[in-house]
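Okay, thanks everyone, let's get going. Have a look at the sequence and the structure on the screen, and I'll walk you through them.

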Amino acid sequence: MAFAKAVASLAAAALLLGGCASRSSQVAPERVDAADFAHWRCDAMFDELDRVQQRAADVAYAVDARHGNNMIALSLGVTVFWPALFAMRPDGPDAAELARLKGRHDALREAADRRGCGTPPV
């Protein structure tokens, strides 16, 4: 009976910890003012948009990998070996960088729209 309670408590704690690391799609953009880019030329904004998108893709991969590793640790910890739960990690600097990149992208896009730059060249 005591063992069942301990297992149930451990499972509940693991479920709470399971959401520690976010998926890249769950990371909210950090607010960046579009006015910061109002004086930029359209081609410079498009170049920066491209750079931000490429870096965001790399960082999103790292954020998703952390989330996946947490899910593996959670599965192992609940079903096989409880010390595996200590391998779980919260969001790290990658998630913060991704939030900044998402915000920068949104601000650049807004500034380009306000300036009437159109669509980025292919």
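**A walk through the model**

So, burial to begin with: of the 122 residues in the protein, 31% are buried, where buried means under 20% relative accessible area, exposed means over 50%, and partly exposed is in between, with a 1.4 Å probe and protein chains only. Keep in mind that this is a predicted model, where local features need pLDDT of at least 70, side-chain atom pairs count only at pLDDT 80 or more, and totals for chains, interfaces and linings use all residues. Residues are numbered from 1 along each chain as its sequence is written, and side-chain values use heavy atoms, with hydrogens and water left out.

Now the fold. We've got three helices and zero strands, running α-α-α from the N terminus on. Those elements are DSSP runs numbered from the N terminus, helices being H or I with at least four residues and strands E with at least two. Take the contacts between residues at least 6 apart in sequence: 86% of them join residues at least 24 apart, a contact being heavy atoms within 4.5 Å.

What about the inside? The largest nonpolar core has 21 residues, and V27, F37, M45, V63, L98 and L108 touch the most other members. Both α2 (42-79) and α3 supply at least two residues each to this core. By nonpolar core I mean a set of buried Ala, Val, Leu, Ile, Met, Phe, Trp, Tyr and Cys residues joined through side-chain atoms within 4.5 Å. In soluble globular proteins, nonpolar side chains do tend to be buried together.

Next, which residues does the disulfide join? That's C42 to C117, S to S 2.0 Å; the cut-off is a pair of cysteine sulfur atoms within 2.5 Å. The pair links distant parts of the chain, with C42 in helix α2 and C117 in the segment after α3, 75 residues apart. The structure holds one disulfide, and the link of C42 and C117 is left-handed, with -75° about the S-S bond. Are these two cysteines buried or exposed? C117 is buried, at 15% relative accessible area, whereas C42 is partly exposed, at 26%.

Last stop, T119, which also lies in the segment after α3 (93-115). T119 is exposed, with a relative accessible area of 67%. T119 and F46 are 73 residues apart in sequence but 8.7 Å apart in space, C-alpha to C-alpha.
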